[in-house]
Amino acid sequence: MNGIVIIFLSLFSLSSIAAEVKFGFFESPSQRVEKFKSSFPVGSRFSEAMSVGSMNIPLPAGDWVLVAASADIPVLNDLSKDSKSESVPHGRVMLVSADIIGENRPRKLLILRMPLGGFKNRTWLASVPNLCNPDWGGKSIIDRELLSLDQRSLDCRAISYAKIFSWNDFLVNSGKVGLKYLGGSYGGKDNYLLSMILLSKNNSVFYAEYAELIDDGEYGDVSTFIKQHDNEIVGFRSTALMLNGKFKNAFDAM
């Protein structure tokens with residue numbers, strides 16, 4: 001119990017920082033990357049929305065605390081010309097809910113990847129990513145919807161369960177460090193219900209993962225998980241689809 005109280009005090013004692021970063025018309029991709037990273041230090045608290053460039057990203061209800069942020073400039077391979085070029089710069093953040101942290105573990109998480117620049121008028125993909133690949137299955141997938149398979153404007157979303165903090169991912173690993181810095185911890189065995197949505201316009205991509213902690217059980221396949229957590233899945237699906245709809249509207253409005 002004392003550990004939980006410490007986490008609450010640590011999170012709510014942080015100063016509130018405006019969730020906004022704007023870019024000048026003449027700022028280079030590298031300048032945008034550096035501005036993004038410096039605008040969102042670990043411990044920043046957000047609610048309602050994040051404004052990044054020309055995109056106003058809605059957040060789920062409640063207060064959110066940033067535990068990791070990164071940005072980069074993806075490199076595109078043009079196989080037809082055997083050449084490489086820089087794409088639109090993108091930023092990524094991981095947030096945890098500040099109001100329902102219990103048992104020293106984050107109960108809700110949000111991972112966002114968003115464009116930091118304007119669209120480029122060419123295809124951003126060499127191949128369809130796994131999330132949108134109609135041949136992709138996976139034993140953890142609960143349901144999936146392909147909104148578009150046009151590579152110039154590829155949209156898809158899915159709901160699954162996953163052990164988020166067991167991923168070997170730069171942002172997730174940075175999130176572990178951020179949680180520790182804030183007085184929290186993480187459980188590599190925890191199962192999260194996970195909503196994923198990918199939206200694209202040529203080289204610009206918006207990707208979101210919204211997650212809610214379920215348990216730390218072991219499941220051989222998705223049918224066993226669904227049988228034990230049907231009510232939670234129904235409620236989560238309703239929340240996730242509404243949130244994903246808001247994400248799509250925000251991206252389309254850019």
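This report describes strand pairing, aromatic contacts and salt bridges in a predicted model.

Residues are numbered from 1 along each chain as its sequence is written, and side-chain values use heavy atoms, with hydrogens and water left out. In this predicted model, local features need pLDDT of at least 70 and side-chain atom pairs count only at pLDDT 80 or more, whereas totals for chains, interfaces and linings use all residues.

Helices (H or I, at least four residues) and strands (E, at least two) are DSSP runs, numbered from the N terminus. Accessibility is classed as buried (under 20% relative accessible area), exposed (over 50%) or partly exposed (in between), with a 1.4 Å probe and protein chains only. Strand β11 covers residues 204–215; because 11 of its 12 residues are buried, the strand is largely enclosed by the rest of the structure.

Two strands pair if DSSP finds at least two bridges between them. Strand β10 (residues 191–201) pairs with β11 in the antiparallel sense over 11 bridges, and Lys 201 has Ser 204 of β11 as its bridge partner. These two strands, β10 and β11, form a hairpin with two residues between them. In the turn, Asn 202 has a positive phi of about 55°. Strand β7 (residues 108–115) also runs antiparallel to β11, joined by six bridges; here Ile 111 has Glu 209 as its bridge partner in β11.

**Aromatic contacts**

Rings of Phe, Tyr and Trp (its six-membered ring) pair if their centres lie within 6.5 Å; planes under 30 degrees apart count as stacked, over 60 as edge-to-face and the rest as tilted. The structure holds 10 aromatic pairs. One of them joins Phe 36 and Phe 40, whose ring centres are 5.1 Å apart with planes at 70°, so the pair is edge-to-face. Phe 36 is buried at 0% relative accessibility, and Phe 40 is buried at 2%. Together with Phe 46, Phe 36 and Phe 40 form one aromatic cluster.

A charge sits over a ring if NZ of Lys or CZ of Arg is within 6 Å of the ring centre and within 35 degrees of the ring normal. Lys 201 places its charged end over the ring of Phe 251, 5.3 Å from the ring centre.

**Salt bridges**

A salt bridge is a side-chain nitrogen of Lys or Arg within 4 Å of a carboxyl oxygen of Asp or Glu. The structure holds nine salt bridges, among them the following.

| Asp 190 | Arg 105 | 2.5 Å |

In the salt bridge of Asp 190 with Arg 105, Asp 190 lies in the loop between α3 (170–181) and β10 and Arg 105 in the loop between β6 (90–97) and β7, so the pair ties together parts that are 85 residues apart in sequence. Asp 190 is buried at 2% relative accessible area, as is Arg 105 at 18%.

Glu 145 is partly exposed at 36% relative accessible area, whereas Arg 157 is buried at 16%.

Lys 248 and Asp 252 are four residues apart in helix α5 (residues 230–252), so about one helical turn separates them. Lys 248 is partly exposed at 24% relative accessibility, and Asp 252 is partly exposed at 40%. A network of salt bridges links Lys 248 and Asp 252 with Asp 155.
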